[in-house]
Amino acid sequence: MSTPRFTAILLAAGSGSRSGAAVPKQYRALAGRSVLARAAQALLDHALVDAVLLMVPLGGEAAARAALGDLAGRLRIAEGGETRRASVRNALEVLAAEAPGYVLVHDSARPGLPAAVIDRLATALADGAVAAIPVLPEVDTLVETSGAVIDRAALRRVQTPQAFAFAPLLAAHGQWTSRDEPTDDAQMVRALGHTVRLVEGDAALEKITLPGDHERMERQFTTHFVGRTGLGFDVHRLEPGGELWLAGVRIPHSHGLSGHSDADVAIHALVDALLGALAEGDIGSHFPPSDPQWRGAPSERFLAFAVERVAARGGVIDHIDVTIICEAPKIGPHRGAMRARLAEIVGLPVTQVSVKATTTERLGLTGRGEGIAAQAVASLRLPLEN
Ligand code: CTP
Ligand code: MG
């Protein structure tokens with residue numbers, strides 16, 4: 001048989017009650033990118049996956065879209081049910097009309113999905129299996145609470161994605177009568193008498209379930225990160241009248257800055273620092289001053305763009321540090337507001353955002369009050385493959 005192609009069902013309709021987190025575990029950021037986006041990306045990137053249907057909690061589409069970012073447009077989204085089984089059944093009903101040949105059913109709470117696992121599942125189906133699932137051996141000694149030892153040699157830990165020919169999976173869901181809630185789909189297909197083929201799983205596929213799982217997985221992801229530092233510098237001319245924007249805050253002053261956009265020199269330096277750490281050019285190459293659409297534009301848009309570029313590369317911003325160089329206005333009284341505003345735009349705790357100021361002892365262009373200069377350093381981490 002030729003290699004099967006899949007429609008993937010990505011389950012994200014659970015509430016993550018055992019994780020102890022305030023938000024559903026699939027929406028939390030893991031090393032700079034949501035758990036859900038990571039699971040979705042792995043499916044979308046696989047050559048054998050034709051389409052992904054995402055199941056979200058009732059009324060939960062907006063939250064899922066926010067967690068997916070720019071991936072949202074590449075998935076279909078439908079609402080799941082009360083239980084994992086009900087969520088899969090809803091998905092199968094959505095897909096019934098088009099009746100795909102093969103489906104993958106995957107937990108979004110498993111953000112690390114190596115392509116090789118999907119390859120192994122596909123190989124098993126191509127070999128004639130109706131169902132195939134990834135499993136790992138149990139390595140710990142297993143005992144009942146009474147103390148009796150259980151022979152682990154015959155035991156396997158079951159992961160997702162699980163691969164099925166569509167028709168038997170649909171039949172299994174249609175005929176499931178047991179009052180027990182199944183924790184996966186393979187047991188339902190097996191209940192119909194089908195053989196479920198076992199293929200090798202992967203430690204990276206571990207599920208986020210209990211408190212601490214998220215943090216542990218984040219450490220695993222970030223061991224493959226390398227630190228990057230970017231430096232930015234900018235100057236704008238001071239002119240009488242006009243608005244003065246510095247680090248996203250409007251400051252009452254006799255003079256305003258002129259130039260590109262709202263001329264927020266501190267944000268411009270910061271954007272260049274972030275782009276520098278990514279080695280993705282500078283603010284002028286993305287937002288040319290000659291382009292009339294950026295005249296008077298709020299600079300926070302440029303900063304939001306740079307932050308999105310870091311996320312798109314799978315990176316995490318660790319710290320930003322800005323120095324504003326001028327004789328006037330005094331920056332001290334505005335420093336708190338500036339840090340808070342930058343932290344909000346960049347999505348960092350305020351403890352990882354520094355704003356400093358200095359004069360140049362009345363020397364040079366800033367000393368003479370002709371302009372304001374700013375410099376910035378951004379520290380971030382990028383996945384090793386970048
Ligand atoms: N799931 C789902 N619909 C449900 C319940 C669970 O789509 N009604 C999904 C979850 O979003 C998760 C996967 O099934 O990706 C595995 O379930 P589990 O780890 O149990 O997640 P939750 O049910 O969200 O967590 P908990 O059981 O701790 O509440
Ligand atoms: Mg659950």
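**Notebook: loops, helices and aromatic rings**

I began with Ala247, which sits in the loop between β14 (245–246) and β15 (249–250). I am working on a predicted model, and I keep that in mind for every entry below.

**Entry on Glu361**

I looked for another non-glycine residue with positive phi and noted Glu361, where the angle is near 55 degrees. Glu361 has its place in the loop between β18 (353–358) and α12 (364–367).

**Entry on cis peptide bonds**

I checked omega next and found that the peptide bond leading from Thr160 to Pro161 is cis, with a value near 5 degrees. I placed Pro161 in the loop between β10 (156–158) and β11 (162–165). Ala328 and Pro329 are also joined by a cis peptide bond, for which I read an omega of about 0 degrees. For Pro329 I recorded a position in the loop between β17 (316–325) and α11 (335–346).

**Entry on helix α1**

I turned to α1 and asked how many of its residues are buried. I find 10 of the 11 residues buried, so the helix is largely enclosed by the rest of the structure. The buried residues of α1 include Leu36, Ala37 and Ala40, and I return to these three under the contact with α2. Arg38 and Gln41 are also among the buried residues of this helix.

**Entry on helix α2**

In α2, which covers residues 61–68, I find Ala64, Ala67 and Leu68 buried. Looking down the helix axis, I see that these buried residues fall within an arc of 100 degrees, so they line one face of α2. I recalled here that an α-helix has 3.6 residues a turn, so residues three or four places apart point the same way. On the other side of α2 I noted Ala62 and Ala66, which are exposed. I then asked which elements the buried residues of α2 pack against. I find β3 (33–34), α1 (35–45) and β4 (49–56) as their partners. Just after the helix, I noted that Gly69 takes a positive phi of about 60 degrees.

**Entry on the contact of α1 with α2**

I looked up the packing geometry of the two helices and found an angle of about 70 degrees, with the axes 7 Å apart. That makes α1 roughly perpendicular to α2. From α1, the contact is made by Leu36, Ala37 and Ala40, and from α2 by Ala64, Ala67 and Leu68. When I sorted the contact by class, I counted 6 nonpolar residues, no polar and no charged ones. The three α2 residues in this contact, Ala64, Ala67 and Leu68, are the ones that I recorded as buried in that helix.

**Entry on Val196**

I looked up Val196 in strand β12, which covers residues 196–200, and found the residue buried, with a relative accessible area of 9%. Which residues does Val196 touch, not counting those up to four places away in sequence? I find Ala131, Ile133, Ala186 and Arg190. I also took the C-alpha separation from Val196 to Ala124, which is 9.8 Å for two residues that lie 72 residues apart along the chain.

**Entry on aromatic rings**

Last, I searched the whole structure for aromatic pairs and found 5. One of them joins Phe287 and Trp294 edge-to-face, at 4.9 Å centre to centre and with 90 degrees between the planes. Both Phe287 and Trp294 are buried. I then looked at Phe287 with Phe305, whose ring centres are 5.2 Å apart and whose planes stand at 85 degrees, so that pair is edge-to-face as well. Phe287 lies in the loop between α9 (283–286) and α10 (300–312), while Phe305 belongs to helix α10, so the pair ties together parts that are 18 residues apart in sequence. For accessibility I read 7% for the buried Phe287 and 24% for Phe305, which is partly exposed.

Note on methods:
Residues are numbered from 1 along each chain as its sequence is written. Chains are lettered from A and ligands numbered from 1 in the order in which they are written. This is a predicted model: local features need pLDDT of at least 70, side-chain atom pairs count only at pLDDT 80 or more; totals for chains, interfaces and linings use all residues. Side-chain values use heavy atoms; hydrogens and water are left out. Rings of Phe, Tyr and Trp (its six-membered ring) pair if their centres lie within 6.5 Å; planes under 30 degrees apart count as stacked, over 60 as edge-to-face and the rest as tilted. Buried means under 20% relative accessible area, exposed over 50%, partly exposed in between (1.4 Å probe, protein chains only). Helices (H or I, at least four residues) and strands (E, at least two) are DSSP runs, numbered from the N terminus. The arc is that of the directions from the helix axis to the C-beta atoms. Contact means heavy atoms within 4.5 Å. Axes are lines fitted to C-alpha atoms, for helices over the stretch in contact, and angles run from 0 to 180 degrees between N-to-C directions. Angles under 35 degrees count as roughly parallel, over 145 as roughly antiparallel, 65 to 115 as roughly perpendicular and the rest as oblique. Ala, Val, Leu, Ile, Met, Phe, Trp, Tyr, Cys and Pro count as nonpolar, Asp, Glu, Lys and Arg as charged, and the others, Gly among them, as polar.
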